[in-house]
Amino acid sequence: MLKTNRFTRRLLRVFGVIFLLFVLLAVYLVWISNIKPPKIANTTAIQLERTQHDSSFYTLNNNWFRKSNSGLYEMYVEGKPFNRGVINGKLSKELIQSQEDYFAEQLDKMVPSSFYQHFLKYFIGWFNRKLPDNITEEYKEEIYGVSLSASDKYDYIGSNYSRLLNYHAAHDIGHALQNMALVGCTSFGTWGAMSQDSTMIIGRNFDFYVNDDFAKNKIVLFCNPSQGHKFMSVTWGGFMGVVSGMNDKGLTVTINADKSEIPTSSATPVSLVAREILQYAENINQAIAIAKKRKMFVSESFLIGSAADKKAVIIEKTPDTLAVYDPQQNYIMCANHFQSDALKNSEANKVQLKENASPYRYERLTQLMQQNGENTVAKTIAVLRDHKGLNNASIGLGNERAMNQFIAHHSIVFEPEKLKVWVSTSPWMLGEFVCYDLNKVFALKGLTADKEIYDSSENIPADSFIQTQQFKNFVQYRHYTQLLSDGKDVNVDSMIADNPEYYHAYVLAGDYYYKKEQWQKALGYYQTALTKVVTTKPEEDHIKKQIESCKKKQ
C-alpha cells in the first residue's frame, strides 16, 4: 500500500511537471507570437484624416489614392517611415482590410479546423520569433503605421502589427515549407542589339496565387521617402515589400523563387530585401552590396536592371551563399532555377531542374525570344501572354510550364533608361497594359478626380485572345474547379471539354471518382492525364501512384 502511494505521488509529480512545461510552452508561444511595435518619437500623424473627393479618390496633404478608369488603384505617399505608413493606411484602409479578409478566407479553406488554425498561429509565431531582429527600424515603423488601419476582427490571430509584419514573410514561409508551385515566376530582359532601339526592356510575370479575389485590387504605388530614391512598385493593401518595381534612377528589381531547404527560423523577408535595394541602390554594385548585408531563409533570384550600367544581372541568394549571374551578352532570362557557376550545380538546384517546370519554361522563353528578333515593349508583352508549350504545342491553359499560367497577380514591363513602366490589367495579363512615365508622375503638384496619370497614347491594347471561345471555355473550366474545391458535384466531362489538353483536368476528374470509390472511372482519367504534358515530376509520380491504387482496389 505504501509503495503504491509513493508510486502514485511520483506519477502525479511527473504529470505535474509535464503539465507545467506545457503551460510554460503555451505562455512562451503566446508571448513570442505577439510582436511588440517599435517606439515612435512623434505620433502626430495618427491625427491626420483623409479627404474624400468621390467614391474612390482620397487625398491627405500631398498624398493621394484613387482608382483609375483602367481598374488599377494608384497611390502616392511621401515622408518619414511612420508618417508615410500611417498615411498609406488611412488612404487605403478598405483595401488593407479586404485583402486580409481574402487571406483569412483562403486560410479557412486550407485549414478549416479552428484548433489547427490556432496551432498554425503559434507555429508561425515561433518560426518568426526572430523576424523583428532582421527588419530595419525604418520598415518596422512604416509597417506599424499601416497596421493602425487594419481591422480588429482578426485579433485572435495576433495584434494588427504582428499580423502585418508576419504577412510580409508569407511568401517566404509558403515557399520554404512547401516549395509551393504558386511562385513560378518568369522574367527576362534585352538591351543593345537585342532591343529595337538598343535601350533596355525588362518584362516579368508575378505568378503568385492566393485566390482570385487576392489579385483583384492591385495598387500601383509611387513612393517618395524621406531617405533614398523615389520608386514605384506593384503591390496590394498593407504590403510594404517589393516584388516588382523601378526607382527614379532607372534601377529595377523583380524576384523569382528558387528551391529552398526547410529552415528552422525566419530572417529578412525577400520582399523587404528587394524594397531596400529599390529604395537605396542606383546601380548593380550597390544592389549587390545591400543583398549581401541581409540574411534570408529562402533561396531567391533578384533580377536587377540598371540604366546606369545599361544591362541586367541576376543576384542569386540562398541562406548561406550569394552569387551573381552576368550573362555577358545583351539579353537575360530568369525562371525558377539558378544559373551562376557557384549555385547551378547545388543539390537543391539539380532537383529543381530535374523535377519542376522551370527548365521547360526557360526553354520556351528561349524559343519565343529567338522568334521575336529585335525586342520591343509590345513583343515583350506578347511573350509574357504566351500560353503555348514548346514548339507552340497545346499543353492546356493554366499549365505551369507555359509563360502565361493564368494565375499572375500582375505582369509588368520596364524601360529603365526612359523611366517608363507598363502594368497589366485584368483578366490576368490579358487586359490593357497601362503606361506610366515616372518623370511625369513624380513631377505632379496636385491631382484632380478627372485626371488620369498614365500615358494612354502608349498603352498596349488588351489581348484579342480574351474574345475567343477557348478563353471563354477556360473561364468556365475555372468555375468547375472552384466548385470541386468547395466539395460540390460537377459534370467532369464538361469540365474536361472546356480545357481538353490540360493534364490537371483529368487528374481532378480522377480524384473526383476516386473519392466516390468508382475505381475504374478514376483509373481511366488518371491514365489519360499521363498522355498530356504533366507539369512536374512529383505530380507525375502522384498520378502513377493513384493508378496503382485504383488497380489494387478494383
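Analyst: Here is a quick tour in that order.

User: What ground rules apply?

Analyst: This is a predicted model, where local features need pLDDT of at least 70, side-chain atom pairs count only at pLDDT 80 or more, and totals for chains, interfaces and linings use all residues. Residues are numbered from 1 along each chain as its sequence is written, and side-chain values use heavy atoms, with hydrogens and water left out.

User: OK, helices. At what angle do α14 and α16 cross?

Analyst: Roughly 30°, with the axes of α14 (residues 469-485) and α16 (residues 503-515) coming within 12 Å. Therefore α14 is roughly parallel to α16. Angles under 35 degrees count as roughly parallel, over 145 as roughly antiparallel, 65 to 115 as roughly perpendicular and the rest as oblique. Axes are lines fitted to C-alpha atoms, for helices over the stretch in contact, and angles run from 0 to 180 degrees between N-to-C directions. Helices (H or I, at least four residues) and strands (E, at least two) are DSSP runs, numbered from the N terminus.

User: Is the crossing of α14 and α16 left-handed or right-handed?

Analyst: Left-handed. That label applies if the near helix is turned anticlockwise from the far one by less than a right angle; clockwise is right-handed.

User: Which residues meet there?

Analyst: From α14, Y477, T481 and L484; from α16, H504, A505, L508 and Y512. Contact means heavy atoms within 4.5 Å. By class, this contact of α14 with α16 has five nonpolar, two polar and no charged residues. Ala, Val, Leu, Ile, Met, Phe, Trp, Tyr, Cys and Pro count as nonpolar, Asp, Glu, Lys and Arg as charged, and the others, Gly among them, as polar.

User: And α16 with α18? How do they cross?

Analyst: The axes of α16 and α18 (residues 537-553) come within 12 Å and cross at roughly 35°. The crossing is left-handed. Y503, V507, D511 and Y514 of α16 touch a set in α18 that includes E539, H542 and K553. That contact of α16 with α18 splits into five nonpolar, three polar and three charged residues.

User: What about α17 against α18?

Analyst: Their axes come within 9 Å and cross at roughly 155°, with α17 covering residues 519-529. So α17 is roughly antiparallel to α18. This crossing is left-handed. Among the residues in contact are W519, L523 and Y526 in α17, with I543, I547 and C550 in α18. The contact of α17 with α18 divides into eight nonpolar, two polar and two charged residues.

User: Switching to voids. How many cavities of 30 Å³ or more are there?

Analyst: Four. On a 1 Å grid over the protein atoms alone, a cavity is a set of points where a 1.4 Å probe fits but cannot get out; a pocket is an open set with protein on both sides within 12 Å along at least five of seven lines, and lining residues have an atom within 4 Å of a point. Grid points are joined across faces, edges and corners, and a volume is the space filled by probe spheres set on the points.

User: What lines the largest cavity?

Analyst: Its lining includes I96, F103, Y167 and W236. The volume of the largest cavity is about 100 Å³. α3 (93-110) gives the most to this lining, with four residues. The lining has six nonpolar, four polar and one charged residues.

User: And the second largest pocket? How many residues line it?

Analyst: 14, with D212, A215, S426, P427 and W428 nearest its centre. The space in the second largest pocket is about 280 Å³. Its lining has seven nonpolar, three polar and four charged residues.

User: Which peptide bond is cis?

Analyst: The one joining S426 and P427, with omega about 0°. P427 sits in the loop between β16 (420-424) and β17 (433-437).

User: Where is N61, and what is its phi?

Analyst: N61 lies in the loop between β2 (57-60) and β3 (63-67). Its phi is positive, about 55°, although N61 is not a glycine. Most residues other than glycine have a negative phi, and most peptide bonds are trans.
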